[in-house]
Amino acid sequence: MGRISLRSVGLGLAAPVGALVFALLVCGVILSITGHQPFDVAEDMIGSLERPRTVANSLNSATTYYLSAVAVAIGFKMRLFNIGVDGQYRLAAMLAAALAGASFMESLPSVLRILMTILAAMLVGAIWSGIAGFLKVTRGVSEVISTIMLNAIATALVAFLLNPDRLAVTVAGSNNIGTAPITEGGQVPGIPYSGSSSDVFGLIVLAAVVGVAYWFMLNRTRFGFDLKATGESESAAVASGVNVKKMVLASMLLSGAVAGLVGMPQLLGASHSYSLDFPAGLGFTGIAIALLGRNHPIGMAFAAFLWGALDQTSNVLDLSGVPKEIVVIMQGVIVLSVVIAYELVRRYKLRLEQRDVGRALGTTKTPEEVQA
Amino acid sequence: MSASGLAVGVQETVAPPRRRTSPMIYFLLAIAALLVVSLVRVLTGAGNLTSSGTVAAALTAAVPIALAGLAGLWSERAGVINIGLEGMMVLGTFGAGLFGWQWGPWAGVLAGVVLGAVGGLIHAVATVTFGVDHIISGVAITLAAPGLTLFLAKLYFTDAPGGGQKQSPPIEDVPHVTIPGLSSVLADIEQQQWFFVSDLAGLLRGLTTDVSLLTLLAVVLFFVTAYVLWRTAFGLRLRSCGEAPHAAESLGVNVYKYKYAAITMSGALAGLGGAILAVASSQFRDGQTGGRGYIGLASMIFGNWRPGGVAAGAGLFGYTDAMQLRGEGAVHALLLLLGIALLVLAVVQLRAKRYVVAGVATVIGALFILWFALTDQVPPELVSAAPYVVTLLVLSLAAQRLRVPKWIGRTYRRGEGG
Amino acid sequence: MNVAVRTGTVHALVGENGAGKSTLMKILYGMQRPDEGTISIDGTQGDFHTPADAIAVGIGMVHQHFMLADNLTVLENVVLGDEPRGGGGIDFKAARAKIKDISARYGLGVDPDRLVDELGVGERQRVEILKVLFRGARILILDEPTAVLVPQEVDELFGNLRELKAEGLTILFISHKLDEVLSVADDITVMRRGTTVASVAPGDVTARQLAELMVGSALPVPELRESTVTDTPVLEAEGLTVTSPDGRTVLEGMSVTINAGEVLGIAGVEGNGQAELVEALMGIRPLQAGRIALRGEDITKLSTRKRRDAGIGYIPEDRHRQGVLLEATLWENRILGHQTKAPSVRGLLLNRSGARADTQRIVDEYDVRTPNIDVLAGSLSGGNQQKLIVGREMSGNPVLLIASHPTRGVDVGAQAAIWEQIRKARAEQLAVLLISADLDELIGMSDSLAVILRGRLVASYDPKAVTPEELGSAMTGAGDGEES
């Protein structure tokens, strides 16, 4: 917000960089204690980034993570905790996959098929998050609790529907089951990455579009202003004429719709079917990335890539006998320390600015006023 | 603000003036509930509904959930939301795996408790000292815990006898006890299939036969919690931190200290729940907790932030858990039970003149009964959703009966009140 | 800052908002540490790190905002922090007996086993006093104890205080209600800008002199010039009835009419329905019954936003909660409440340059002291925040301004500036609903005055002919208001 000054950039970066350094230290200590060489591990991981395939895969992970983070951030911006992105995207991906794989879709033009699949996913995600929004505005049920419950219910529903008697078929040559595979017309082609055997998801473009739309919505539209105002002070927003109930519903639906997109790059770009081994837990990763990226469209992009790169580069570790979960520990430490760091920086910034204003005006506020 | 996040919608569920209910009422309610269950058993012929085997399985399933709920209660009574319970339970399961395998189950349990407490302590540092949002800190802990345990599991369990990358070597179980004599008498009565009497016997037999010492420990902890929180100065001060920390501060109570104590205790209890889970299933496995931390949280809400209520909620959820293992007929009968419970709720809400809520409860209740009438079985996949659906229903339809600690989820800083 | 208090007296400490009274109290009670200086009790120097230290030497405090846990019983609230022990837990029997004993001795009439949630304001305050006595306090600090009380309760309280004094207790009484101070205190200390400026005896000063001591100069006098009242009604509200979520009626069949160019002042003890009236008019609180019209058009069913669009400006009672976004810039705060109107927006999009330019205009015209418009609102002083709010609410040509305590907690300079703006707007045919606890402000700024009591308008007065005393008694239900 406001003009960009060196100080504000510095303060903005202090927290994530500090958290990163702290996490590196913690992981270094853990590695040393467990008899590994922290520097060797780091070297291995960074070294693996030289392989194009690792970069391509990192980008692919980041695409998915970024969508999930945006879904979470839409809620976070108005202090609405959509913990349920996880259930929303799984249910959405599963039903969208069933639709996309259905035989009647084959006769449709490719673009329409893809569009219908994506819209169906958004719709399912929005409906699932909408339940939580509805219960919040009509019955005051905390969205934290209801979305956690809805996650578990989604798990049960997916298990129920992903059954050969219902929406699933047996995947050829394995004991895995999944929805009917999406034929070529329904797939989104990848973007070749030179030197890499795996393509970059075509839907990375979708993630970029969502990011820009999120930025535009937040900073340039009335809706975004109302959303941020509600997050900063619900009572002030109400006094200014914001209908908080409508906002809760709207942002919950929006968040759910974006959550519906989370599974799309993977589904349409690689898996082509929703099966038992479809990636799970992405909703929680999204929370971590939204926290690290401070709900900022660009911050989250960096965070998503960092996460993706950590995940992908850790694959080399198992070869050298270091459990790759060291990366998960690192991610956990980053999230915990970054939220603390942001809180400290926020307080420091407010104090700094109060002092500056006081100095500029030649007056100092009484402590009572500052505290009030 | 009544909780972390937005206050919107909360005014729809304002509590009515409290009327004191005597313990007798609860006893009668329990009897009435058993009568209904018994009736459903007779009507549906689902004998498993109240068999001692079901009750024993329910008890085993309920204990980790109950401890997670109790853990939530400690933390939330001091005003701190703890959705890191799941992560702390994970730490508990790992502690039990690591130490239980080498030094026996009791060492494992102790290790689980300690690791859980460390998790709680981290939550306390973030929320109390640094004023981080409770939800965010809890989520972060839940994200980090499985990574840590899996990392360590790979290091310590991969080459251990009977262990693997994602599971510990086997842990011995702790001793089980049976009340001698009583069990066989009750078994006879249970077999008679008498209305109510046999059901009661089945219930009692399940609760007194082959009970793990760890289950007894959990029961004791419930009484200890009730006593400590409601009868001692420590407990009063702790609860005051969750209701009005600035009032507590103004009377010389060190709010930080009590919050720290409460959250650490919360972590320890969650760790214990995880450890018991690991010991009961004879080893640590990755993903073993399976959301029980969240169900524990749900049982705490269901139980209105009171130990007795938490036990009842956990019992109920353990019961649905056990039902899943006990065959389709019994699960099917659950539909009827749920339908009846909703109709009872509708009547209660009607008397309180909340017509819309009563109407919704009636419709949902009727739908469940219809579902029961029109089908012969329930898909087993859906049964696992039961605790969550029940919690959502309770929150949506009976929320105004809940008494949430007033300062829950809010940041407290010394010297900023009044 | 120095103050000396004699044992066995009621000592009043008066001062403007922000004079440092509350800070001093917090220091005396160990909730804050002084940078320098000492506190002595009966000649022994005390060093208070926490309230526990203060309690230990016999100091007890009754806070302005009650420090009670609603979900706990009276007994639990009273014994908290000083629990009688016995048998491994709290000795409830002993506690109950002691509470009943103290309650009977001072005529407090407190039942230890009720939930605090169920108690009224007066009862809560007696619980607060009981809490202090339970700890054996010999020195009682009362912070603005009468702010929330109705007059009968004030009389009762003063009765209690005299009884306490007779028992040899010392009472430090903080207030800015000067007539009350003069009636109950034995000594008075006046504070201003964090220092003591005078120590006087109540017999030697008048309320006016005290007030001038508090402010440090002749008070700015709120007054209107010639009447601009027209007979075009702008706001017509009829039969407004509001119930709180727990079912109590907080506003009962209230009717209000304000004409263009008229300032209607509403006087009343806080908590008698003022906040509910304002929120009902703004569409924040649902109406049980009643009808609201703005310039003849029915707005009863409109949302807050639509009402603002129709031309209502709103200066909320609590600046920090409702008026500004503390962690947003000034120009973003300019948009707040005007999200649908130029120059802040263009269609569904924000107009950043328009909003910024208009913020600069407000800063200049309303003399908001700030280095630039990109600072966060939270870094401005209260007075400057309030000037920004006033400027914002006056923009876009409102026809009705609802001003709830517009000068509360602002310095004298900002107060004069805000009054001037209201006068100017009134001259331009704005209708104003003015709610204030400051009777001088109400009498000076209003064209007509009404008194609100328990959710009803009970009397109306001509501000030119009424005295603060008359108003005061009407506010408490003691007076008989005349229709003017």
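This is a predicted model: local features need pLDDT of at least 70, side-chain atom pairs count only at pLDDT 80 or more; totals for chains, interfaces and linings use all residues.
Local features are described only where pLDDT is at least 70, side-chain atom pairs only at pLDDT 80 or more, and totals for chains, interfaces and linings use all residues. Residues are numbered from 1 along each chain as its sequence is written, chains are lettered from A in the order in which they are written, and side-chain values use heavy atoms, without hydrogens and water.

**View 1. A mixed open sheet in chain C.** The sheet has 6 strands in the order 4-7-8-1-9-10, with mixed pairing. Strands are DSSP runs of E with at least two residues, helices are runs of H or I with at least four, and both are numbered from the N terminus; two strands pair if DSSP finds at least two bridges between them. Strand 4 (59-62) and strand 10 (195-200) form the edges, each pairing on one side only. From one strand to the next the twist averages 20°. Strand 7 (residues 139-143) and strand 8 (residues 170-175) run parallel and are joined by 5 bridges. Helix 5 (residues 121-134) of chain C lies across strand 4 and strand 7, at about 170° to strand 4. Angles run from 0 to 180 degrees between N-to-C directions, with axes fitted to C-alpha atoms, for helices over the stretch in contact (heavy atoms within 4.5 Å).

**View 2. An antiparallel open sheet in chain C.** Its 4 strands follow the order 12-11-14-15. Strand 12 (249-259) and strand 15 (297-298) stand at the edges with a single partner strand each, so one side of each has no neighbour in the sheet. Strand 11 (residues 233-243) pairs with strand 14 (residues 289-294) over 5 bridges, and Ala237(C) has Ile292(C) as its bridge partner in strand 14. Helix 9 (residues 274-282) of chain C lies across strand 11, strand 12 and strand 14, at about 115° to strand 11.

**View 3. The interface between chain C and chain B.** Here 35 residues of chain C are in contact with 30 residues of chain B. The buried area, which is the accessible area (1.4 Å probe) lost on putting the two parts together, summed over both, is about 2600 Å². Met67(C), Asn71(C) and Leu80(C) supply 22% of the area that chain C buries against chain B. There are 3 salt bridges between the chains, each a side-chain nitrogen of Lys or Arg within 4 Å of a carboxyl oxygen of Asp or Glu. Arg239(B) forms a salt bridge with Glu76(C), with the closest N and O atoms 2.9 Å apart.
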